[in-house]
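Please read these notes with the model open beside you. The points go from overall confidence to single residues.

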Amino acid sequence: MGTGASKPQPKKENVGDNEERATVIQNGSASTLPDNTSIRQQMVQSNPADEEISEDIEQMVQITQGHKRSEQTNPQLQTGTRDALETEDVSVTFESFQHQNGTLYTCFTQNGMRMYFDDEKGIVPFPQELYSQGKFLDTYDESGSLHDDNRQDSNENPSHLENDRTNSVHIPGKGMVMTYIFEERINVCKYYDNDCDAWLILPLLWEMNLDFVLHRVQQVKEAIPAITDFKEILAALRLCNYDPDEVISLFFAIFGDSLQSNINGQQNVEPIALQREISKKDKKIEVLNKKVQQRESEVEALHLKCKHLEEEKRHLLLQVENLYEKVAELQSDQEKYLHEISEMKSKNTQITDKLHNSAPLKKDKLIKMLREAHELSTSSDKLRVLATSGLSDIGLSIEHLRSMVLNLRSSTKEIEEIRSLYQRESMERKLLYNQLQELRGNIRVFCRCRLDDKKREHLEFLSDEELVVNCNGSKKRFRYDQVFLPQCTQEDVFKGTLPIIKSCVDGYNVCILAYGQTGSGKTYTMMGTEQKPGVNIRSIKELLRICHERERVKYVIRISMIEIYNEGVWDLLSHSGNKQLEIRSHGKVVTLPGLTEMEVLTEEDIKRIISFGEKNRTVESTKMNTESSRSHLIVIFTLNGIDTISGVLTSSTLTLCDLAGSERISKTEATGQRLVEAAAINKSLTALGQVFTALKTNSLHVPYRNSKLTHLLQPSLTGQAKACVFVNISPDVKDLAETLSSLQFGSSIQQIALGKPTPHSSNIKLGH
Ligand SMILES: Nc1ncnc2c1ncn2[C@@H]1O[C@H](COP(=O)(O)OP(=O)(O)OP(=O)(O)O)[C@@H](O)[C@H]1O
């Protein structure tokens, strides 16, 4: 650092404390004392309010110097004082004592005696009684180390310190770790700013121009070439007191062996950037997960509201119907009354006419007639009142009816609005769920090791994502989305496939494949046993469960079973037996005309149909003189759904594929029929590898048609699909070469993303 001789020296850093502290070291000679003007200048510079204290200090320094000088000029000085001053390293330490009433005392210790400056009395010993009424702030001794009477070492136990400094962070490979902002004394590179007349921190980029710093950054870079970001290194250097060794150990402690493998050139990935990327993705996944959950509950709420409104609408319609009936009844009553009134009126008229026209009547008859006329008039009045009230009832009912019809209209409108909102929310939920899947990768690769009591010292399972194979003294490390240890259950394994099975119900084509040498556990993983069912039965059970749960969508599920043997495609569900099929393509649509499809409603249906297909497979295998492990078994479920609320149609397929054994021809020493089989398997598995490679390199042409297997799987291995590959391995050391080859195959797929998946209307048409 280019600090000019005339420039003031930087003051000692006093981290996290506003109080000024100063230390003056006197090595037996007055000439080694720092210039007291300089000390004062530093203190004033850092805090002008402390000018008063600095004057005290100046006075004390003068006293100390005077003391020394007087000792030189007066050899008769008291012996005790002389002895004390003649000790080799006589030091004066300045301290600040904070009284609980806020008063700050500036003290100094000389010859073991703590003194302070009193305004009236001058320099006097520090009163004993004050010790319990306040505390000493931090001081530095001559070695530069910090003393603090009132604190413990902050490195020992951070938990007692303030809580807002405590936090946690996820470090890939280490999980969630606790963090704490420590308060430490460190070296800081500053420059002298003439304009401010102060020492300021040199910004990172300029600091890089200093030889001192550059040299250290270079040292770290040379030791760990994987860390290329110089700012990252410099930041670490700053925190480690510019000690490159400490930085190197720090990086190794954090990033561990991944740095080592980078040094050995086995990977090109920059670990820090990658780990940050992973961290970011993890956070994004977490946010998306929350959003998905939120959307799901919103969709559920809307669905409930919709149901409720439909119920209300039905209820209102019933009421309207009742009212119509009541109005009709009242109208007929009204007509009846009106009719009766008119009849009475005509009767009345007739009687009056009779009275006028008839010859003079007898008195009795006249009285009787008058009474009758009176009665008629009274009942006519009554009828009129009844008719009037009937009419007003009708009016009221009509009014009620009208408001109900209006209500009905508005609730129909509301239902329509909710329906469109629901449609939007459903789409959004699907998109979010899909984004989540995309982040995790549309192709997930799992490794599963068969359960075996054989020793497996050549296999080391580092975590549930990593395993190492010891091969002739060298170690090969493989990383997958998940590694299932031999003791993992069928349930554990199935859990890994759950998310993509859910996607299938949302309208995405999904494919689950098991790859590995013969006997490595592919069939066990896919089919399983009666007691321990594998992915096939569990996934379709889950499909049925989700379909059943989504009341608003009506699904039809169909199953078909295919075997690919010697590049021939066979329908295993055909009742006529031995039926070979042709694959046809129209653009991206793949069809298998004549393929048998059966509708399934329950788990029992599926078990029955699959066991029928397996029997067919065994019969055919016997006829063809082969073993089931020499062919690929493909079970396809087609899901057609219609959303009863939004009317949206979805169509998707779940393809479950138990591949033939992947062992190499050279190892099997096959001849004749076996050689033909092995060549066909080799061809199809090589084609599968080529398809994955083309996808990995984003090739314009993906060679799906190189084998029947890849041709058939095309809809499940394109941008619109999601796939999951199980790499099954044997723990037996004699299978080491095949294990390595399978693991390498899995690793090559691991780095592929299928592109952006989209739900679609069916693009694999079966049985037409
Ligand atoms: N994880 C496991 N736990 C218990 N048994 C297992 C496990 N994996 C495989 N097995 C058993 O190992 C034997 C071979 O497994 P499986 O038939 O599934 O192998 P495969 O890879 O399908 O062979 P192939 O290619 O010949 O069909 C079977 O008896 C199976 O039950």
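1. Confidence. The protein chain has an average pLDDT of 74, and 73% of its residues score at least 70. Here pLDDT is the predictor's confidence in each residue, on a scale from 0 to 100. This is a predicted model, in which local features need pLDDT of at least 70 and side-chain atom pairs count only at pLDDT 80 or more, while totals for chains, interfaces and linings use all residues. Residues are numbered from 1 along each chain as its sequence is written. For the complex, the predictor gives an ipTM of 0.97 and a pTM of 0.51.

2. Among the elements of the protein chain, H12 has the highest mean pLDDT (94), and strand S1 (residues 23-24) the lowest (31). Over residues 63-90 the pLDDT stays under 50, and the model has 20 contacts beyond four places in sequence for them. Two residues are in contact if their C-beta atoms, placed from the backbone, lie within 7 Å. Residues 753-758 also have pLDDT below 50, with 22 contacts in the model beyond near neighbours in sequence.

3. Overall make-up. The protein chain contains 18 helices and 28 strands. These are DSSP runs numbered from the N terminus: helices are H or I runs of at least four residues, and strands are E runs of at least two. Of the chain's 768 residues, 26% count as buried. A residue is buried if 20 or more other C-beta atoms lie within 10 Å of its own, exposed if 12 or fewer do, and partly exposed in between, with C-beta atoms placed from the backbone. Among contacts between residues at least 6 apart in sequence, 68% join residues at least 24 apart.

4. The cores. A nonpolar core is a set of buried Ala, Val, Leu, Ile, Met, Phe, Trp, Tyr and Cys residues joined through C-beta atoms within 7 Å. In soluble globular proteins, nonpolar side chains tend to be buried together. The largest core here has 81 residues, and those with the most contacts inside it are Cys-447, Cys-504, Cys-511, Leu-513, Val-725 and Val-727. Helix H16 (residues 672-696) supplies the largest share of this core, nine residues. A second, separate core has 13 residues, including Val-213, Val-220, Val-247 and Phe-251.

5. Val-727. Which residues does Val-727 contact, leaving aside its neighbours within four places in sequence? They are Val-445, Cys-447, Tyr-515, Gly-516, Ser-742, Leu-743, Phe-745 and Gly-746.

6. Ser-684. This residue lies in helix H16. Ser-684 is buried because 25 other C-beta atoms lie within 10 Å. Not counting residues up to four places away in sequence, Ser-684 touches Ile-564, His-632, Ser-707, Lys-708 and Leu-709. Ser-684 and His-711 are 27 residues apart along the chain, and their C-alpha atoms are separated by 9.8 Å.

7. The ligand. There are 13 residues around the ligand, of which Leu-451, Gly-521, Thr-523, Tyr-524 and Ser-629 come nearest. A residue is near a molecule if its C-beta atom, placed from the backbone, lies within 6 Å of it. Helix H12 (residues 522-526) gives the largest share of this shell, three residues. By class, the shell has nine polar, two nonpolar and two charged residues. Ala, Val, Leu, Ile, Met, Phe, Trp, Tyr, Cys and Pro count as nonpolar, Asp, Glu, Lys and Arg as charged, and the others, Gly among them, as polar.

8. Gly-519. This glycine is in the loop between strand S18 (509-516) and H12. Gly-519 is partly exposed, with 18 other C-beta atoms within 10 Å. Gly-519 and Asn-728 are 209 residues apart in sequence, yet 9.1 Å apart in space, C-alpha to C-alpha.

9. Helix H13. The buried residues of H13 are Val-535, Asn-536, Ile-537, Arg-538, Ser-539, Ile-540 and Leu-543.

10. Positive phi. Asp-197, in the loop between strand S11 (190-193) and strand S12 (198-201), has phi near 60°, a positive value in a residue other than glycine. Asp-197 counts as exposed because it has 10 C-beta neighbours inside 10 Å. Asn-566 also is not a glycine, and its phi is positive at about 45°.
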